[in-house]
Amino acid sequence: MEKIPARVTPKNLRNSCEFFSPRTTVERETTVPRTDNARKAFDDLFNF
């Protein structure tokens with residue numbers, strides 16, 4: 001935790017904190033095609 005040099009007011013303005021960076025995530029493409037049949041997907045998941 002870092003000390004904050006000055007209070008941020010009003011709270012709805014942009015935060016200019018140098019210690020903060022948003023996390024970005026990338027959704028990866030899967031190799032298994034999606035199936036519309038939920039029962040088949042369940043059976044495939046548990047190998048019934």
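**View 1. F46 and F42 form a tilted aromatic pair.** F46 is partly exposed, at 48% relative accessibility (buried is under 20% relative accessible area, exposed over 50%, partly exposed in between, with a 1.4 Å probe and protein chains only). The model is predicted: local features need pLDDT of at least 70, side-chain atom pairs count only at pLDDT 80 or more, and totals for chains, interfaces and linings use all residues. Residues are numbered from 1 along each chain as its sequence is written, and side-chain values use heavy atoms, with hydrogens and water left out. The count of aromatic pairs is 1. In this pair, F42 and F46 lie 5.0 Å apart centre to centre, with 55° between the planes (rings of Phe, Tyr and Trp, the last by its six-membered ring, pair if their centres lie within 6.5 Å; planes under 30 degrees apart count as stacked, over 60 as edge-to-face and the rest as tilted). F42 and F46 are 4 residues apart in helix 1, about one helical turn (helices are DSSP runs of H or I with at least four residues, strands are runs of E with at least two, numbered from the N terminus). An α-helix has 3.6 residues a turn, so residues three or four places apart point the same way.

**View 2. F42, L45 and F46 form a nonpolar surface patch.** Together the three residues have about 320 Å² of accessible area (Shrake-Rupley method, 1.4 Å probe, only the protein chains shown counting as cover for residues). Patches are made of residues with over 30% relative accessible area and no salt bridge, like charges being joined within 9 Å and nonpolar side chains (Val, Leu, Ile, Met, Phe, Trp, Tyr) within 5 Å. F42, a residue of helix 1, is partly exposed at 36% relative accessible area.

**View 3. The salt bridges number 2.** The criterion is a side-chain nitrogen of Lys or Arg within 4 Å of a carboxyl oxygen of Asp or Glu. R39 and D43 meet at 3.7 Å, N to O, and D44 and K40 at 2.8 Å, N to O. R39 and D43 are 4 residues apart in helix 1, about one turn; D44 and K40 are also 4 residues apart in helix 1. R39 is exposed, at 56% relative accessible area. D44 is partly exposed at 46%, as is K40 at 42%.

**View 4. N37 caps the N-terminal end of helix 1.** A side-chain oxygen of N37 lies 3.1 Å from the backbone nitrogen of R39. Helix 1 covers residues 38-46 and is followed by N47, whose phi is positive, near 55°.

How values were computed. Polar contact = N/O pair within 3.5 Å; in protein donor to acceptor, adjacent residues only side chain to side chain.
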